[in-house]
Amino acid sequence: MAPRPKYRRILLKLSGEALTGEGGYGLDADVVERITDDTLAVHRQGVEIALVVGGGNIFRGLAGVATGIERASADYMGMLATVINALALQSVLERKDADTRVLSAIPMAAVSEPYIRRRALRHLEKGRIVIFAAGTGNPYFSTDTAAALRASEMGCDAILKGTQVDGVYSADPKTVKDAERFDRLSYHEVLSRDLKVMDQAAVALARENSIPILVFSLHNAGALADVVAGRGRYTVISEQGESGG
Ligand code: UDP
């Protein structure tokens with residue numbers, strides 16, 4: 001039997017990269033199938049789910065700047081990329097019979113609802129999976145910060161950050177062989193050691209609102225349900241950290 005979930009309402013942050021396969025660009029059908037299956041398995045256990053999706057698999061603001069596009073415009077382009085991913089996730093989730101809503105921080109009435117906090121809360125209460133698109137709606141921010149912002153606004157019990165590896169390391173474990181892996185970290189440790197897991201604004205906002213960040217690997221099917229049940233391999237970032245138990 002599936003273990004009982006520890007959380008009532010979660011914010012799941014999926015980077016754009018998480019939706020790609022080997023190629024590193026666009027959407028990979030198998031990956032999207034697996035992630036949506038995992039999401040729905042948790043949803044069926046009665047957990048309310050808000051999703052924030054990134055856009056890095058399609059367009060990143062800084063890449064645009066490198067090609068001569070002004071920063072703010074390039075960032076808006078990045079935010080539009082997140083809307084593409086949000087619509088893809090919505091479509092696949094609905095094919096699997098989930099009730100979903102896309103709420104965009106940049107109003108786009110033909111394909112989404114505008115972001116209205118109280119409406120988003122109502123959707124969650126009704127058991128709909130809410131997909132937040134277009135990040136914060138502001139240039140110079142990231143979808144990680146959007147995740148911390150929406151988690152705060154929605155009163156989420158945890159931010160689940162799905163990544164390519166099974167937690168937070170002292171350096172990129174794909175390139176640094178003896179990188180240290182942490183089971184627990186404090187917000188302060190993440191910020192002061194400048195650990196590359198979420199940007200500093202996101203970690204600071206999660207800290208201010210006492211929302212734990214759970215970092216886990218999206219590569220293992222079923223990992224999300226395990227993390228939500230407090231099992232499996234992941235790093236918890238909270239006020240306590242390594243020494244606090
Ligand atoms: N972006 C932005 N404001 C936001 C969120 C995103 O300007 O609130 C832009 C930014 O240019 C970023 C791009 O959208 O590079 C894609 O988002 P992000 O890089 O966070 O996606 P991820 O890395 O999670 O795929």
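**The ligand and its surroundings**

Me: Which residues come nearest to the ligand?
Reply: This is a predicted model, and in it, of the 20 residues around the ligand, the ones that come nearest are Gly16, Arg60, Asp75, Thr136 and Thr143.

Me: How does that shell divide into nonpolar, polar and charged?
Reply: The shell around the ligand holds 12 polar residues, along with five nonpolar and three charged ones.

Me: OK, and what is 2.5 Å from an oxygen atom of the ligand?
Reply: That is an N or O atom in the side chain of Asp75.

Me: How much of the ligand's accessible area does the protein cover?
Reply: On its own the ligand has 520 Å² of accessible area, and the protein covers 91% of that.

Me: Where does the ligand sit, then?
Reply: The ligand sits in the largest pocket.

Me: Switching to helices: which one gives the largest share of the shell?
Reply: That is helix α3, residues 71-95, which contributes three residues to the shell around the ligand.

Me: What should α3 span, and what is the distance between its ends?
Reply: With 25 residues at 1.5 Å a residue, α3 should span 36 Å, and because its end C-alpha atoms are 37 Å apart, the two values agree.

Me: And what about the phi of Asp97?
Reply: Asp97 follows α3, and its phi is positive, near 75°.

Terms used: Residues are numbered from 1 along each chain as its sequence is written. This is a predicted model: local features need pLDDT of at least 70, side-chain atom pairs count only at pLDDT 80 or more; totals for chains, interfaces and linings use all residues. Side-chain values use heavy atoms; hydrogens and water are left out. A residue is near a molecule or strand if one of its heavy atoms lies within 4 Å of it. A polar contact is a pair of N or O atoms within 3.5 Å; within protein, one must be able to donate a hydrogen and the other to accept it, and residues adjacent in sequence count only if both atoms are side-chain atoms. Accessible areas come from the Shrake-Rupley method with a 1.4 Å probe; for residues, only the protein chains shown count as cover. On a 1 Å grid over the protein atoms alone, a cavity is a set of points where a 1.4 Å probe fits but cannot get out, and a pocket is an open set with protein on both sides within 12 Å along at least five of seven lines; lining residues have an atom within 4 Å of a point. A molecule sits in a cavity or pocket if more than half of its atoms lie within 2 Å of its grid points. Helices (H or I, at least four residues) and strands (E, at least two) are DSSP runs, numbered from the N terminus. Ala, Val, Leu, Ile, Met, Phe, Trp, Tyr, Cys and Pro count as nonpolar, Asp, Glu, Lys and Arg as charged, and the others, Gly among them, as polar. The expected span of a helix is 1.5 Å times one less than its number of residues.
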